[in-house]
Amino acid sequence: MNLAVEDFQGQPCQDQLVQQVIAPGLCVACGACLGLCPHYLFMDGRVAAPDKCDLAEGRCLELCPVALEQDPAPRRAGLAADLGLEMEPPMGPVLAAWQGRAQAPALKGKAQYGGVVTELLSLALEEDLVSEAVLTTSGKKGAPQGVLAKTRDEVLAAAGSIYAGGGALGELNRALASEDQHALALVGLPCQVLAAAAMKTHPRYEAAKERLGLVIGLFCTMNLPARELRNLLSDEGVEGPVLKSDFPPPPAGIYQVWTEDGYHEVDIEKLRDIRFSGCGLCPDLTAEFTDLSVGACEGRPGLDTILVRSQAGADLVQRALEAGRLELEPADEESMEHLREAAANKRQRAAEAKQE
Ligand SMILES: Cc1cc2nc3c(=O)[nH]c(=O)nc-3n(C[C@H](O)[C@H](O)[C@H](O)COP(=O)(O)OP(=O)(O)OC[C@H]3O[C@@H](n4cnc5c(N)ncnc54)[C@H](O)[C@@H]3O)c2cc1C
Ligand code: SF4
Ligand code: SF4
């Protein structure tokens, strides 16, 4: 991959974003450039720049996580310092690590694994820590899209993982542009929470600094463009809306899909062939720029691993435990060692991809 960022400097920022990220196919559909201006569109899981903008210093380029990862300056370190986070490689800050699940029976079959993300968000809304949460849910033709949730029912409706880029940060930008002053929460992939960190520290994005109150991250190894995923599933004979899907941990090597027709399996290599190319440059497995991050619990289906990264994250988990909403135990050292190894491997692969 050619990362000659300096080649584009001095050009309008939209030209730089298009040349550096969108045209070479590196966009991962995070949505950070959406909802700021009318010059970008999100359609069926892809971002396009349908008309021209001559602004020299637009936020679109400065918030794009793919551009941030390409920047030769140590941007991650700078953002961490600005936010007061002590980055511990390879997983970022970890104040506490837990394994467990939500207690609520309503989450069974709806949540991806343990339902910890849905339960913590519901609690944060109920206790007025935030007034709205930016989530990702299934939109037209099953393509993911950002959504604003204000109630437990709306958070529940967005439970479960969609393995496709949903552009939810566009919804966050739109919510931050509103007259309302209420605090917002975000659930995002590592690239999305990196962009959110850039928003919070951006000199021309006061609303993000003031109103983005809670950031929950999801672990992530790769993601897929919605249309290509739909076409691949169709080629594999999987038709109709996807009700649930999963990448079980190695060595399974499959993508599992449930539709109204039943259960289907697809070879994971076929998905790797269509994943976003930009995911190859992404060094972050565990979503480092968050209040807390959540992923699968290796070898224990139905449970989550929770990495608590900030005091706000620790306080929220404590409230949930006291309210009997979560059932958690400290993560065992062997699982943590595996996670550290996987996180270090992802960093290594991204560093090699940058060198190519
Ligand atoms: C694309 C993707 C890749 C992932 N890769 C891994 C991995 O490699 N290893 C691992 O351990 N875990 C991975 N996860 C996280 C895992 O699937 C669960 O989301 C996590 O364990 C939380 O489970 P839960 O039951 O607590 O979540 P739930 O309570 O079910 O809540 C899930 C939340 O995820 C949000 N969400 C769903 N789809 C998306 C999306 N496309 N983009 C952004 N947010 C979304 C929803 O808004 C919802 O709030 C991935 C998730 C996604 C979306
Ligand atoms: S990666 Fe995100 S910010 Fe960058 S071009 Fe794609 S959608 Fe826009
Ligand atoms: S691998 Fe990285 S860039 Fe790709 S979707 Fe996941 S967090 Fe975003």
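This briefing walks through the overall build, the sheet, a helix pair and the ligand surroundings of one protein model.

The model is predicted, so to speak of local features a pLDDT of at least 70 is needed, side-chain atom pairs count only at pLDDT 80 or more, and totals for chains, interfaces and linings use all residues. Residues are numbered from 1 along each chain as its sequence is written, while chains are lettered from A and ligands numbered from 1 in the order in which they are written.

**Overall build**

- The protein has 13 helices and 13 strands; helices (H or I, at least four residues) and strands (E, at least two) are DSSP runs, numbered from the N terminus.
- For 356 residues, a compact globule would have a radius of gyration near 21 Å, and the 19 Å of the protein agrees with that. This radius is taken over C-alpha atoms, and the globule rule is 2.2 Å times the number of residues to the power 0.38.
- The C-alpha trace spans about 55 × 45 × 40 Å along its principal axes.

- Eight strands make an open sheet with mixed pairing, in the order 5-4-6-7-11-12-3-13. Two strands pair if DSSP finds at least two bridges between them.
- Strand 5 (144-149) and strand 13 (326-330) are the edge strands, each pairing on one side only.
- On average, neighbouring strands of this sheet are turned by 30° against each other, direction ignored.
- Helix 7 (residues 168-176) packs on the sheet and touches strand 4, strand 5 and strand 6, with its direction at about 150° to that of strand 4. Here, contact means C-beta atoms, placed from the backbone, within 7 Å.
- Strand 4 pairs with strand 5 in the antiparallel sense over six bridges, and Ala133 stands opposite Ala149 in strand 5.
- Strand 4 and strand 5 form a hairpin with five residues between them, and Lys141 in the turn has a positive phi of about 50°.
- Strand 7 (residues 212-218) pairs with strand 11 in the parallel sense over three bridges; Leu218 stands opposite Val294 in strand 11.

**A helix pair**

- The axes of helix 5 and helix 12 (residues 311-322) come within 10 Å and cross at roughly 95°. Axes are lines fitted to C-alpha atoms, for helices over the stretch in contact, and angles run from 0 to 180 degrees between N-to-C directions.
- Helix 5 and helix 12 are therefore roughly perpendicular to each other, a label that covers 65 to 115 degrees.
- Helix 5 brings Glu119, Leu120, Leu123 and Ala124 to the contact, and helix 12 brings Leu316, Arg319 and Ala320.
- By class, this contact has five nonpolar, no polar and two charged residues. Ala, Val, Leu, Ile, Met, Phe, Trp, Tyr, Cys and Pro count as nonpolar, Asp, Glu, Lys and Arg as charged, and the others, Gly among them, as polar.

**Around the ligands**

- Of the 32 residues around ligand 1, Thr118, Leu135, Thr136, Gly295 and Ala296 come nearest; a residue counts as near if its C-beta atom, placed from the backbone, lies within 6 Å.
- Helix 5 (116-126), strand 4 (132-138), strand 6 (184-188) and strand 11 (292-296) each give two or more residues to the shell around ligand 1. That shell divides into 19 nonpolar, 12 polar and one charged.
- Ligand 2 has 14 residues around it, with Cys27, Cys30, Ala32, Cys33 and Cys64 coming nearest. Helix 1 gives the most to this shell, with three residues.
- The shell around ligand 3 includes Cys191, Cys220, Cys279 and Cys282, and its residues divide into nine nonpolar, three polar and no charged.

Technical notes. Angles under 35 degrees count as roughly parallel, over 145 as roughly antiparallel, 65 to 115 as roughly perpendicular and the rest as oblique. Two residues are in contact if their C-beta atoms, placed from the backbone, lie within 7 Å.
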